[in-house]
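Thanks for coming, everyone. Please bring the structure up on your screens, and we will walk through it together.

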Amino acid sequence: VESDLAKALVKPKNWKTQGSAFYGRSDMAADYYDEYIFDKLTFSDINRPDAPFVIINSTDIDTGARIPFTRSAFDLLCADLASYPLSRAVMASAAVPGAATPITLKSYAGKCGYQVPAWVGDAMADDRDRMGSLRAEELMSYLDGSIDWLHLVDGGISDNLGLRAFYTVFSMQDSPKAVFRQYGHEDVRYVLIISVNAAVTPKRTWSQSAELPSAAAVLVGMNDVMMRRYAADTVRVVQDSYDKWTSAVSTPERPVGYQFVEVTFDDLPNAQERAYFNDLPTSLELEDEQVDRLIAVGRKLLRDAPEFQHFLSAFRVAR
């Protein structure tokens with residue numbers, strides 16, 4: 001994939017489009033994905049009763065808001081999710097600023113009779129729920145008619161682990177019971193969240209030299225630090241919230257359990273193995289051995305995690 005996209009960039013027939021203000025590298029990549037990977041599938045093709053509920057995240061570079069490709073978000077924009085290509089959503093979710101161009105999405109917000117959910121007013125009036133009020137303010141910013149186009153980039157900027165989507169789903173409802181009922185799990189007995197954190201920590205030698213790091217190296221380093229700190233805060237918020245929500249739906253006769261598992265290279269006990277995975281590039285093109293080792297280590301980290309073992313034991317007892 002990476003080789004094909006690189007070759008497409010240097011083909012003369014693509015030079016004209018690359019100079020366009022309305023068609024960028026990400027549009028070209030999305031077209032490639034549409035033809036060779038997703039076979040022109042749209043969101044209507046994955047909206048089946050037996051299918052998992054998939055949330056693909058992006059970030060509006062103008063407002064900084066997390067924009068998920070979900071029915072509720074597209075209702076706000078008065079747009080049609082069902083006909084939207086999966087390829088463009090996937091490209092938007094991975095469009096790292098600088099390396100890729102934004103994916104644009106037309107907004108018709110405020111022109112289709114959209115009803116503002118009740119939770120928005122409650123969140124904006126509650127000074128204690130800072131995350132909820134911020135989300136409410138973001139939503140309202142689209143309804144005044146001043147935003148005609150969204151320029152969407154990597155979802156990791158607003159939600160690097162994708163976990164805040166879970167928080168938002170529950171915080172938008174008056175009761176966690178209503179959410180479990182909405183997703184067909186009114187009789188839930190145990191909630192398990194597995195967060196696969198593929199962040200790497202490549203070894204840097206800055207501290208061994210008085211030489212100034214390059215501007216590019218400083219930018220990458222700052223991004224890594226910010227992402228890690230933001231991810232740690234997100235994990236804490238989600239854990240605390242789910243502890244509260246599962247407790248709210250528990251009864252003495254029918255307790256509801258909750259377990260959070262984070263799969264991360266940091267938990268590898270072997271220093272050499274940890275160094276190997278931390279040095280892997282973030283790339284669309286890896287060697288076969290690298291892919292095999294990644295699959296194997298992900299499986300091992302999950303199965304060895306004490307929290308996952310606790311879940312398996314508790315789930316067997318609950319059944």
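Start with Thr246, which is buried at a relative accessible area of 4%. Buried means under 20% relative accessible area, exposed means over 50%, and partly exposed is in between, with a 1.4 Å probe and protein chains only. Thr246 sits in helix 11, residues 215-249. Helices (H or I, at least four residues) and strands (E, at least two) are DSSP runs, numbered from the N terminus. Leaving aside neighbours within four places in sequence, Thr246 is in contact with Val191, Val256, Gly257 and Tyr258. Contact means heavy atoms within 4.5 Å.

A word on the model. It is predicted; local features need pLDDT of at least 70, side-chain atom pairs count only at pLDDT 80 or more, and totals for chains, interfaces and linings use all residues. Residues are numbered from 1 along each chain as its sequence is written, and side-chain values use heavy atoms, with hydrogens and water left out.

Next, Val116. This residue lies in the loop between strand 3 and helix 6. Val116 has 40% relative accessibility, so it counts as partly exposed. Not counting residues up to four places away in sequence, Val116 touches Met140 and Leu143. Val116 and Ala136 are 20 residues apart in sequence, and their C-alpha atoms are 9.8 Å apart in space.

Now helix 5, residues 86-93. Why is helix 5 largely enclosed by the rest of the structure? Six of its eight residues are buried, so the rest of the structure largely encloses it. The buried ones are Leu86, Ser87, Arg88, Ala89, Met91 and Ala92. What covers them includes helix 3 (25-36), strand 1 (57-60), strand 3 (103-106) and strand 4 (149-154).

That brings us to strand 1. In a regular strand the side chains alternate between the two faces of the sheet. Here, Asn57 and Thr59 point one way, Ser58 and Asp60 point the other way, and all are buried. Which strands pair with strand 1? Strand 2 does, in the antiparallel sense, over three bridges. Strand 4 is also joined to strand 1 by three bridges, and the two run antiparallel. Two strands pair if DSSP finds at least two bridges between them. Look at Ser58: this residue stands opposite Ile67 in strand 2 and opposite Asp154 in strand 4. The hairpin of strand 1 and strand 2 has five residues between the strands, and there Gly64 takes a positive phi near 80 degrees.
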